[in-house]
Amino acid sequence: MKKKKIILICSDGGHLAQILELKDMFLTYDYLIVTEESPATLPLKEKYNIKYLKGRSKGQKRNLSFIYSLIVNAFLSLKILIQHFPKAIITTGSHTAIPMCLLGKISGAKIIWILSYARINSRAFSADIIYPFADRFIVQWPGVQKFYKKAIYLGGIY
C-alpha cells in the first residue's frame, strides 16, 4: 500500500526538536521535513528526508528583511509543495511555516498546527495567522485554550 504524503515544517531550534519527537509517527508516512538551513540542521540530511528554507538572521525583527525572507520562503514552499504534494502539513510553528501552511491549505492539504511547548499562557504571532485556517490546532498546555477556542489540548509531545 502506498504511504500517505505529509510535510512536517518548522523553524530550527526548539520547534524542530518538537517535530523530531514525532518521529515514531512520521516515519510511517512518506514524509518530508522542511526547516531553516543552518549549521545545526545540515547534519539531519544524513538521517531524515529533509529540505531547507531560507533561515532568518538571528535577532531579525519583523522588518523588511523579515518580509523578504517570507517572500523567498513562499516561493521555496510552493516548489516543495509541487514536488511532494502532501495530504497533510504538520507544524510546530513559527514564521517559517506560514507560507507553507497558507499555500498548502489552498492546494487542499490538511493543516495541523501544534503550538510550541514554550507557549504556556500566551499567544504566538504565527499561530494567530494560521489559526483560522488550521484543520486541527493542538496546544500542549491547558491555559492556552483561552486564546484559541477551537484548540485541542493533548499535553506535551516530549
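Partly exposed here means a relative accessible area between the buried limit, under 20%, and the exposed limit, over 50%. The legends below refer to a predicted model.

**Figure 1. Salt bridge between Lys105 and Asp135.** Asp135 has a relative accessible area of 26%, so this residue falls in the partly exposed class. Lys105, at 30%, is partly exposed too. The two side chains meet in a salt bridge, with an N to O distance of 2.9 Å. Lys105 belongs to helix H4, whereas Asp135 sits in the loop between helix H5 (125-130) and strand E6 (136-139); the pair therefore ties together parts that are 30 residues apart in sequence. Side chains of opposite charge can pair when their charged atoms come close.

**Figure 2. Salt bridge between Arg123 and Asp128.** The structure holds 2 salt bridges, and this view shows the one formed by Arg123 with Asp128. The closest N and O atoms of the pair are 3.3 Å apart. Arg123 counts as partly exposed because its relative accessibility is 39%. Asp128, with a relative accessibility of 29%, is also partly exposed.

**Figure 3. Open sheet of 7 strands.** The strand order is E3-E2-E1-E4-E5-E6-E7, and the pairing is parallel. Strand E3 (50-53) and strand E7 (152-153) stand at the edges. Each of these edge strands has a single partner strand, so one side of each is left without a neighbour in the sheet.

**Figure 4. Pairing of strands E1 and E4.** Strand E1 covers residues 5-10 and strand E4 covers residues 88-93. They pair in the parallel sense over 5 bridges. Ile9 has Thr91, in E4, as its bridge partner.

**Figure 5. Helix H4 across the sheet strands.** Helix H4 is formed by residues 97-106. The helix lies across E1, strand E2 (30-36), E4 and strand E5 (110-114). Relative to E4, helix H4 runs at about 155°. Lys105, the salt-bridge partner of Asp135, lies in this helix.

Figure 6. Phe75 is placed in helix H3, which spans residues 64-84. The relative accessible area of Phe75 is 61%. This value lies in the range for exposed residues, over 50%, so Phe75 is classed as exposed.

Key:
Residues are numbered from 1 along each chain as its sequence is written. This is a predicted model: local features need pLDDT of at least 70, side-chain atom pairs count only at pLDDT 80 or more; totals for chains, interfaces and linings use all residues. Side-chain values use heavy atoms; hydrogens and water are left out. Helices (H or I, at least four residues) and strands (E, at least two) are DSSP runs, numbered from the N terminus. Buried means under 20% relative accessible area, exposed over 50%, partly exposed in between (1.4 Å probe, protein chains only). Two strands pair if DSSP finds at least two bridges between them. Contact means heavy atoms within 4.5 Å. Axes are lines fitted to C-alpha atoms, for helices over the stretch in contact, and angles run from 0 to 180 degrees between N-to-C directions. A salt bridge is a side-chain nitrogen of Lys or Arg within 4 Å of a carboxyl oxygen of Asp or Glu.
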